[in-house]
Amino acid sequence: MFLRVADELPAMQRAWAELEGVVGLRERRFYGVFDERAQEYLVCAGIRPGDPPGRFGLEVGEVAGGDYLRLEGEPPGVYSGIGPGFRELHALARADPKRPDVEFYRRRTEVELLMPVITRSSDIG
């Protein structure tokens, strides 16, 4: 489940605070999904068994499956390192333009950056 916001840091920060306030932090998985084509950022929380049918009034969707190139970040620069980390990943391999970059928040101090990669020649195009 997610909130959709513009690709602007203040909007992202407000959305994270709002989402965490609505769904709580306990036993949740959190993701940030950047859709470059739409220039929007999705602030996401995994759905747990027992969540209300209306999912807190949030949109619901799935992160695209497939192969991802991964980079992990730790304090102190975990949040400020997200942009540079994705630039590093994009310099290493060709990203799949049909799928968004994903941030997986393992905990507040540890983030995995996931860049979708093309693994078969049939995926190119």
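Reply: Two strands are said to pair if DSSP finds at least two bridges between them. The model shown is a predicted one.

Me: How do you know that strand β2 and strand β3 pair?

Reply: The definition asks for at least two bridges. Strand β2 (residues 30-35) and strand β3 (residues 40-45) are joined by six bridges in the antiparallel sense, so the two strands count as a pair. One of the facing positions is Phe34, whose bridge partner in β3 is Tyr41.

Me: What makes β2 and β5 a pair?

Reply: Five bridges link β2 and β5 in the antiparallel sense, and the definition requires at least two; therefore β2 and β5 pair. Within this pairing, Tyr31 stands opposite Phe104 in β5, and Gly32 has Glu103 in β5 as its bridge partner.

Me: How do you know that β5 pairs with strand β6?

Reply: Strand β6 (residues 110-116) runs antiparallel to β5, and five bridges join them. Tyr105 has Val111 in β6 as its bridge partner, and a hairpin of two residues joins β5 to β6.

Me: Why is the pair of Trp16 and Tyr105 called edge-to-face?

Reply: A search of the whole structure finds three aromatic pairs. In the pair of Trp16 and Tyr105, the ring centres are 5.0 Å apart and the planes stand at 65°. Rings pair if their centres lie within 6.5 Å, and planes over 60 degrees apart count as edge-to-face.

Me: What parts does the pair of Trp16 and Tyr105 tie together?

Reply: Trp16 belongs to helix α1 (residues 9-23) and Tyr105 to strand β5 (residues 101-107), so the contact ties together parts that lie 89 residues apart in sequence. Trp16 and Tyr105 also form one aromatic cluster with Phe30. Both Trp16 and Tyr105 are buried, and β5 is mostly covered, with five of its seven residues buried.

Me: What makes Arg99 a charge over the ring of Tyr68?

Reply: Arg99 lies over the face of Tyr68, at 4.9 Å from the ring centre.

Me: Is Glu27 buried or exposed, and how do you know?

Reply: Glu27 has a relative accessible area of 69%. A residue is exposed when this value is over 50%, so Glu27 is exposed. Glu27 is found in the loop between α1 and β2, and Glu27 has a positive phi of about 50° although it is not a glycine.

Me: Why are Glu8 and Gln39 called partly exposed?

Reply: The relative accessibility is 47% for Glu8 and 44% for Gln39. Buried means under 20% and exposed means over 50%, with partly exposed in between; therefore both residues are partly exposed. Glu8 is found in the loop between β1 (2-6) and α1. Glu8 and Tyr41 are 33 residues apart in sequence and 8.3 Å apart in space, C-alpha to C-alpha. Gln39 is in the loop between β2 and β3. The hairpin of β2 and β3 has four residues between the strands, and Gln39 takes a positive phi near 50° there.

Me: Which residues lie nearest the centre of the largest pocket, and which element gives the largest share of its lining?

Reply: The largest pocket has a volume of about 970 Å³ and is lined by 34 residues, of which Met12, Tyr41, Ile82, Glu103 and Tyr105 lie nearest its centre. The elements giving two or more residues to this lining are α1, β2, α2 (82-92) and β5. The largest share, six residues, comes from α1.

Terms used
Residues numbered from 1 in each chain as written. Predicted model: local features only at pLDDT ≥ 70, side-chain atom pairs only at ≥ 80, totals over all residues. Heavy atoms only, no water. Phe/Tyr/Trp six-rings, centres within 6.5 Å; stacked < 30°, edge-to-face > 60°. Buried < 20%, exposed > 50% of the residue type's maximum accessible area, 1.4 Å probe, protein only. Lys NZ or Arg CZ within 6 Å of the ring centre and 35° of its normal. 1 Å grid on protein atoms, 1.4 Å probe; cavity = no way out; pocket = protein on both sides within 12 Å on 5 of 7 lines; lining within 4 Å. Points joined across faces, edges and corners; volume = space filled by probe spheres on them.
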